[in-house]
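Please look through the sequence and the model below before reading on.

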Amino acid sequence: MENALLIALSRQTVMEKHMQVVANNIANASTPGYKGEQMLFAEYLADNGNGETTSFVQDIAVVRDYGEGELVRSSNTLDFAIHGKGWFVVDTPEGQAYTRNGHFSLDAQGQLTTTSGRPVLSSTGTPITFGAEDSSIVVSADGTITTTTGEKGRLAIVAFDDETAMKKSGDSQYVTDQPTTDAKKFKVIQGMIESSNVKPIIEITNMIAAMRSYQSAQQTVVEDSGLIEKAIDVLTNQQA
């Protein structure tokens, strides 16, 4: 009975973590550039000491899907989407961060910034700044930005050897210690936003399945607890 309780509890613990990941995906289903995540499970065999083993479920890691989200047209000329592999480079107080969320705007100094006000960097590592005389902003496929006064710089679009080593840092931004390389196969599209790659219907299905699995494990806990209580009552009555 103890093994059954432990197995059920391990399953509930994993399902609770799984639910948190699914809930976060659903909450960010409309966040531009967001990358969906999934729990990775594995079987863990515990030695009972009598030549037998008990099978538990164990969460190994959270796996992120770096697949490209749907490109959605917007009415903002400062919305840029990367079609293909690549990341925008953002300057933060902690160093450079990387994002696929190209919903940009201009701050009071005329710098191109993210929704959180962080400067978007050019290929030379400097912020891209516009003056009052700049109008008719146009971005080419390679990220070069021009206005009526001429070229303003080229967006830094970088790539990494191992995207799985990137860590979330908030605001659809990621950080990594890996060296960057210039992205090769990409196209910057102006007036479009890369939406989240989360598929809400699938995530809702995952949530329902996780809830059912949790409830099933809970039922096992309740039933086994009842058996233990009955066993204690029988032993107590026998001794009395």
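Predicted model: local features only at pLDDT ≥ 70, side-chain atom pairs only at ≥ 80, totals over all residues.

Asp-79 sits in the loop that runs between strand E3 (71-73) and strand E4 (80-84).

Although Asp-79 is buried, it has no salt bridge, and the nearest side chain of opposite charge, that of Arg-73, is 10.0 Å away, whereas a salt bridge would require the charged atoms to be within 4 Å. Leaving aside neighbours within four places in sequence, the residues in contact with Asp-79 include Ser-74, Gly-102, His-103 and Phe-104, as well as Ile-189, Gln-190 and Gly-191.

## The chain as a whole

The chain contains two helices and 17 strands, and 37% of its 240 residues are buried. Of the contacts between residues at least 6 apart in sequence, 61% join residues at least 24 apart. The chain exposes about 13,500 Å², of which carbon and sulfur atoms supply 53%.

## Nonpolar cores

The largest nonpolar core has 18 residues, and those touching the most other members are Phe-80, Phe-88, Leu-112, Ile-145, Leu-155, Ile-157 and Val-188. Two or more residues of this core come from each of E4, strand E12 (157-159) and strand E16 (186-190). Apart from this core lies another, of ten residues, which include Tyr-66, Trp-87, Ala-156 and Met-166.

Beyond its neighbours within four places in sequence, Ile-145 is in contact with several residues, among them Leu-112, Ile-128, Phe-130, Val-139 and Leu-155.

Methods
Residues numbered from 1 in each chain as written. Heavy atoms only, no water. Helix = DSSP H or I, 4+ residues; strand = E, 2+ residues; numbered from the N terminus. Buried < 20%, exposed > 50% of the residue type's maximum accessible area, 1.4 Å probe, protein only. Lys, Arg positive; Asp, Glu negative; His and termini not counted. Contact = heavy atoms within 4.5 Å. Areas by Shrake-Rupley, 256 points an atom, 1.4 Å probe, with all protein chains shown as cover. Core = buried A, V, L, I, M, F, W, Y, C linked by side-chain atoms within 4.5 Å.
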